[in-house]
Amino acid sequence: MIILTLNCGSSSAKYQVYDWETKDVLAVGIVEKVTIGGSFITHKAKGKEEVVFQQNCPTHTDAIDLIIKTLTSKDMGVITDMSVIKTVGHRVVHGGDKFTKSVIVDSAAMEAFTAMQDLSPLHNPANIMGIEAAKKVLPDVPHCAIMDTAWHQTMPPKSYLYAVPLDWYKKYRVRRYGFHGTSFLYTAKRAAVLLGQDPFKTNVIICHLGNGASINAVKDGLSFDTSMGITPLEGLVMGTRSGDVDPSLPFYIMRKTGMSAAEVESALNKQSGLLGLTGKLTDRRDIQAAAQAGSIDALRAQKIEALRVKKYIGAYQAILGRVDALVLTAGVGEFAWFMRDKILEGLDGIGMSYDPQKNDVSRTRNTETLISKPDSKIPIFVIPTDEELVMTEDAYALMKGTYDTHTHFTYSFQSKDYIIKGRAEGLKSDLVKNPGLADIIARPR
């Protein structure tokens, strides 16, 4: 049985093809520059070389068509025809407070996603277009929505309510929603496995650090608080998003510059963060290279980003009381050792002592690593996230009628013996290039 997962952004469409019977990833890829011209696809099939080629995709329907043609291609494909795909899982960024778990997409769900567009104008429209496009190509299989916000619906009112007029919440659903839910679900469950603990008796702080970034305080296996808010703009310093600012700042800038509300909103989302601080850079590797070359702006940006993460780690430790582990994940968390170094330096006073040498060695997406010192009161794990696997397992269970909220549902990756085949193969290559990695692999207790 083949399961397709799709993650449609405003100008992109990511995909993964998973063989449920063999528990193996057959292909992954992304179509970029959808709707804006110069579209191209990057496609990697199991056992084959990665291919990149251009094809214009003026709409998401065209992008989905291109993905299907690539997957069924004689030379590049991994399936004979689309009839083998039995369900499709779609990422939906904002589900508001209407959804506590993944769902099969019906008209009511689509109406709800559309209603959330004001809260996620950069994400939900693209997610909706992707679902509609995929339904046209694959009309006879169940399409499932896996929402970033669903994981956070366990937050108590003291965490999710803002100190604003209560009518704003009652009338307009103004509250903290949080995002990156599939990533937090996966890493929280994996952290419990590594700790050898009941997932619902485990407290962890998880830092999802990528171009978009957020932190989650997980108490007794449930989301208790998170750094992103009503939209993905609040919280950490990100690639192009400002994160936390004084709420009066937009009004001040509007008065000073004459910018409209929409222009300021766009600037805070698309022209701020690391891009705003450096003037041109968002990729942490480029910023690191610039900092090493003597760029004051790049070095300062790194310090600002790291300080914001530290502040949230400290705050969430105070909230949780007992912290069983600190987890770093996503692209920056998994690979940017230099940013982990800046974030973790000086946390010894709150029981988080990292080993700089272990941290330097930990650069892989193919295994989980332990980078804390042996005497650290709180272990520090680097856990490569796998949002696509969560989407795949949710879609399969929804199709079979066995799905439920994560409090009443067990994922395959909660087993101590769970192995991701593709990553196991990739680890062999990583160990050849980086032998020291073998000494820091995190193993279940």
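The legends below describe close-up views of a predicted model.

**View 1. An open sheet of eight strands, with mixed pairing.**
The strand order is β5-β4-β3-β2-β1-β6-β8-β7. Strands β5 (51–54) and β7 (103–104) stand at the edges. Each has a single partner strand, so one side of each lacks a neighbour in the sheet. Pairing of this kind runs through backbone hydrogen bonds, either parallel or antiparallel.

**View 2. The β4 and β5 pair.**
Strand β4 covers residues 40–45 and runs antiparallel to β5. Four bridges join the two strands.

**View 3. Strand β12, a mostly covered strand.**
Strand β12 spans residues 325–329, and five of its five residues are buried. A325, V327 and T329 point one way. L326 and L328 point the other way. Both sets are buried.

**View 4. The strands that pair with β12.**
Strand β9 (residues 204–209) pairs with β12 in the parallel sense, over five bridges. Here A325 of β12 is the bridge partner of V204. Strand β14 (residues 380–382) also pairs with β12 in the parallel sense, over three bridges. In this case V382 of β14 is the bridge partner of L328. A325 and L328 point opposite ways from β12, and both are buried.

**View 5. Helix α16 and its buried residues.**
Helix α16 (residues 421–433) has 13 residues. From first C-alpha to last it reaches 19 Å, close to the 18 Å expected at 1.5 Å a residue. Its buried residues are R423, L427 and D430. Why can residues three or four places apart point the same way in an α-helix? The buried residues of α16 pack against α6 (181–195).

**View 6. K428, an exposed residue of α16.**
K428 is found in helix α16. Buried or exposed: which applies to K428? Its relative accessibility is 52%, so K428 counts as exposed, the cut-off being over 50%. S260 lies 168 residues from K428 along the chain, and their C-alpha atoms are separated by 54 Å.

**View 7. A nonpolar patch on the surface.**
V164, W168 and Y172 form this patch. Together they have about 320 Å² of accessible area. V164 is found in the loop between α4 (157–160) and α5 (166–172). With a relative accessible area of 32%, V164 is partly exposed.

Notes
Residues numbered from 1 in each chain as written. Predicted model: local features only at pLDDT ≥ 70, side-chain atom pairs only at ≥ 80, totals over all residues. Heavy atoms only, no water. Patch = residues over 30% accessible without salt bridge, like charges linked within 9 Å, V, L, I, M, F, W, Y side chains within 5 Å. Areas by Shrake-Rupley, 256 points an atom, 1.4 Å probe, with all protein chains shown as cover. Salt bridge = Lys/Arg side-chain N within 4 Å of Asp/Glu carboxyl O. Buried < 20%, exposed > 50% of the residue type's maximum accessible area, 1.4 Å probe, protein only. Expected span 1.5 Å × (residues − 1). Contact = heavy atoms within 4.5 Å. Pairing = 2+ DSSP bridges.
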